[in-house]
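Thanks for coming. I will go through one model, strands to begin with and then a helix. Please have the structure open.

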Amino acid sequence: MSRALQAILFLSAAALLARLAVTGEYLYYVKPAMLPALIASAAVLLALAVFAGRDAWAEAEEGPDCAHDGHGHGTPRAALLLAVPLLTVLLIAPAPLGAFSAQRGSPPPPAPAPAGGFEPLPAGDPVEVTVSEFVRRATEGGGPTLAGRRVVMTGFATPNPDGGWWLTRMVIACCAADAYPARIAVRGADAPPADAWVALTGTWVEGTGSDDGLLIPAVAADGIEPIPQPASPYQR
Amino acid sequence: MERAAVSGHDHDHGSGGGLGLAGPVVLLVVLVAAAVVGSLAGDALDGPRLGAFATVFVSIVVQALPFLVLGVLLSAAIVAFVPRELAARALPRNRALAVPVAGAAGMALPGCECASVPVASGLMRKGVAPAAALTFLLAAPAVNPIVLAATWVAFPGRPEMTLGRLVASLGAAIAVGWLWTLLGRSEWIRLPGGGAAEAEQPRWLVFRRAVGHDFLHAGGYLVVGGLLSAVINVALPPHWVDSLAEQAILGVLVLALLAVLMCICSEADAFVAASFTQFSPTAQLAFMVVGPMVDLKLIAMQVGTFGRAFAVRFVPVVLVAALVMSAIVGWALL
């Protein structure tokens with residue numbers, strides 16, 4: 001494999017990371033904490049591309065068998081695949097995992113309630129909570145901290161294959177390959193289109209979540225409005 | 001070109017002449033065309049399944065690349081800057097003893113499996129016995145503090161899962177290392193670069209050549225693993241594993257198979273293992289012990305780094321060792 005080709009492969013890996021870091025799209029794939037590592041890796045790969053490009057230049061002038069050469073020939077052709085991730089984000093518009101994945105995944109059991117029960121929700125009407133926090137409080141604690149409280153949550157709409165729809169948020173531990181959905185069944189509001197992001201105001205339907213074995217609590221909606229997709233689409 | 005011929009595995013093409021120039025030009029044209037098409041059409045290709053596939057695929061690559069870069073930098077630093085005598089002296093002379101020491105040393109590499117493949121290759125090039133380097137390769141992604149901490153968090157109130165993971169992973173890694181000491185042959189492993197040639201070159205040149213070389217060898221195969229894993233993520237019917245959870249032995253095998261197919265970073269696999277609540281703790285343990293040692297992207301990277309002759313022997317042995325150790329530890333501890 002020629003040095004010039006190697007230079008382009010390094011460059012395409014660097015460009016992939018740089019693009020995702022600059023546009024903020026890296027949040028569709030990995031956790032926010034990865035940003036410095038992505039930038040550092042892009043810098044290393046860019047340096048490799050520059051060195052390989054310089055070698056290619058020297059080879060072109062002196063011929064391929066200049067004295068200090070000895071490596072690089074014998075690179076497996078599979079290395080060409082390093083261009084594929086960049087091609088993928090160029091051709092398939094980057095998007096966070098949405099309703100398709102939220103319908104398929106099955107969530108792990110939520111972390112158990114803290115010893116001594118959950119802290120009461122902060123003051124506010126409605127009070128802002130995350131979808132995964134709502135699910136955890138409803139399913140693990142039996143829901144006393146949610147009872148009678150109006151909450152506002154942001155998530156995207158996922159059609160329930162059995163009818164109705166869920167307010168969903170994907171939860172990742174490390175990267176999007178390990179994502180699982182946190183789901184809340186919405187009552188009293190027409191289903192937005194799949195993948196549409198909304199802010200939903202409502203109240204927990206008492207008793208739902210821990211009783212049905214599916215660990216999907218229900219919320220009675222009293223207000224719903226479309227919102228733009230948040231920059232950081234996944235929750236912990 | 002000689003190396004390509006010797007290994008019988010690298011299909012090198014045109015290191016000079018016309019093709020050498022055509023390759024880069026074609027690739028560059030393809031990339032530019034893709035950028036143009038992509039920016040004109042918005043999303044040239046669409047569909048929820050394709051979108052999820054692309055996101056999972058790119059996320060595996062993006063998550064792995066920094067660890068791969070870290071791994072090849074460490075590996076190249078070992079090759080270029082660590083004196084041969086030091087590398088040899090760091091481990092006990094006794095080979096049987098060197099294996100467990102190398103396994104324990106795995107605790108010092110905080111990263112996931114993508115980093116350990118090039119580092120093991122670097123250690124071997126520096127003269128560390130292959131058995132010890134392979135033990136390190138298997139142990140490092142599973143027993144380092146970051147991974148154990150993640151396991152602790154993923155299984156709240158169940159410290160035996162973390163302990164079981166440590167014991168079973170170290171046990172399997174050491175068992176494979178000892179087996180390699182007895183039966184392994186160095187000609188199965190294809191290592192790049194001759195030590196003698198490298199010694200004559202400036203260290204800095206050796207370093208950056210090794211970084212580039214190792215990255216290209218492992219990186220392309222990482223993409224292969226990511227593609228396969230992403231296909232499985234979106235193609236398998238949901239909940240297909242649920243019906244198998246009840247059966248003790250089948251459950252262990254199913255989760256081990258899933259670990260091989262899903263290619264999840266060892267830092268995250270505990271959370272996924274915890275999500276398989278219908279399965280026995282032993283099956284969950286097997287998922288966490290097998291995953292960092294055998295998965296599609298690792299197999300692919302091992303083929304790229306050590307050669308096919310190595311991988312066809314090493315991978316099945318490791319898989320069996322990981323399953324047996326998971327079963328023993330699961331039976332004794334969980």
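**Strands, then a helix**

In chain A, strand E2 (residues 150-159) and strand E3 (residues 165-171) pair in the antiparallel sense over four bridges. Strands here are DSSP runs of at least two residues (E), helices are runs of at least four (H or I), both numbered from the N terminus, and two strands pair if DSSP finds at least two bridges between them.

Before going on: this is a predicted model, where local features need pLDDT of at least 70, side-chain atom pairs count only at pLDDT 80 or more, and totals for chains, interfaces and linings use all residues. Residues are numbered from 1 along each chain as its sequence is written, with chains lettered from A and ligands numbered from 1 in the order in which they are written.

A:Thr158 stands opposite A:Trp166 in E3(A). Five residues lie between the two strands of this hairpin, and A:Gly163 takes a positive phi near 105 degrees. On to strand E4 (residues 180-187) of chain A: six bridges join E4(A) to E3(A), again antiparallel, and A:Tyr180 in E4(A) stands opposite A:Val171.

Is E3(A) mostly covered or uncovered? Mostly covered: seven of its seven residues are buried, that is, 20 or more other C-beta atoms, placed from the backbone, lie within 10 Å of their own. A:Trp165, A:Leu167, A:Arg169 and A:Val171 point one way, and A:Trp166, A:Thr168 and A:Met170 the other.

Now helix H2 (residues 35-62) of chain A. Its buried residues include A:Leu38, A:Leu45 and A:Glu59. They pack against helix H1 (3-23) of chain A, and against helices H3 (48-81) and H11 (203-235) of chain B, with contact meaning C-beta atoms, placed from the backbone, within 7 Å.

How values were computed:
Buried ≥ 20, exposed ≤ 12 C-beta atoms within 10 Å, placed from the backbone. Contact = placed C-beta atoms within 7 Å.
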